[in-house]
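The following account leads the reader through two regions of a single model. Please keep the sequence and the coordinates in view.

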Amino acid sequence: MKLPFHIQQLLKAKFGNDLRQPSDCEFLSLDIESKTGVRIGATTLKRLMGFALDERSPHASTLDAIARYLGYAHWEQLMQIEDKGNSDFDTSDEEVRSADLLPDAVVEITYLPDRMVRMQYLGNNHYRIAESQNSKLQVGDEVEVQNFVLHHSLLVLNVWRHGESLGQFTAGRVSGLSSVKVL
């Protein structure tokens with residue numbers, strides 16, 4: 001069984017790696033074990049990510065460990081939430097979409113252990129960092145973000161510092177965003 005595309009995307013964002021090679025699954029296995037205490041073999045992850053053609057269904061405990069790694073209580077909860085979020089145009093109070101903001105809006109996010117970032121919306125999914133506390137993002141950086149979802153990692157598609165692209169950045173990789181506010 002291959003995991004649904006949106007679940008694979010969540011795993012990549014949480015892990016902070018595009019998982020482009022089968023060998024990346026070995027590192028993902030170690031990360032899942034360190035965060036959940038459950039060992040999922042690299043071979044199983046290769047099957048689930050589509051690197052190995054094998055239609056065997058994984059054990060329920062494997063799927064539950066993946067759900068816990070992504071911040072959900074169990075697999076059924078993950079599938080229920082993600083299926084609804086994947087097929088519904090309604091927005092949640094826990095999500096801020098860049099496409100819904102007007103230029104000059106200010107978004108504030110916090111994440112553990114004690115990080116806070118305020119950014120001003122420039123339009124077209126681009127923001128300028130206005131304030132940063134204990135984050136690797138610096139005041140003046142420009143970032144590209146599609147959405148902010150409470151309790152999920154923030155995937156910054158690109159960071160520009162002094163006009164130079166630094167590439168992707170993930171914030172709140174371990175426990176997700178603690179708060180998301182439009183000021």
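Which backbone oxygen lies 2.6 Å from a polar atom of the side chain of Ser98? The backbone oxygen of Val145 does. The model is a predicted one, in which local features need pLDDT of at least 70 and side-chain atom pairs count only at pLDDT 80 or more, while totals for chains, interfaces and linings use all residues. Residues are numbered from 1 along each chain as its sequence is written, and side-chain values use heavy atoms, with hydrogens and water left out.

Ser98 belongs to the loop between β1 (95-97) and β2 (106-111); strands are DSSP runs of E with at least two residues, helices are runs of H or I with at least four, and both are numbered from the N terminus. Because its relative accessibility is 0%, Ser98 counts as buried, a term for under 20% relative accessible area with a 1.4 Å probe and protein chains only. Beyond its neighbours within four places in sequence, Ser98 is in contact (heavy atoms within 4.5 Å) with Tyr121, Asn125, Tyr127, Val145, Gln146, Asn147 and Phe148.

The axes of α2 (residues 24-36) and α4 (residues 60-69) come within 10 Å and cross at roughly 75°, the axes being lines fitted to C-alpha atoms over the stretch in contact, with angles running from 0 to 180 degrees between N-to-C directions. The two helices α2 and α4 are therefore roughly perpendicular to each other, the class for 65 to 115 degrees. Leu28, Asp31, Ile32, Lys35 and Thr36 in α2 meet Ala65, Arg68 and Tyr69 in α4.

Within α4, the buried residues include Thr62, Leu63, Ala65, Ile66, Ala67 and Tyr69. Just after α4, Gly71 adopts a positive phi of about 95°.

Definitions and conventions
Buried means under 20% relative accessible area, exposed over 50%, partly exposed in between (1.4 Å probe, protein chains only). A polar contact is a pair of N or O atoms within 3.5 Å; within protein, one must be able to donate a hydrogen and the other to accept it, and residues adjacent in sequence count only if both atoms are side-chain atoms. Angles under 35 degrees count as roughly parallel, over 145 as roughly antiparallel, 65 to 115 as roughly perpendicular and the rest as oblique.
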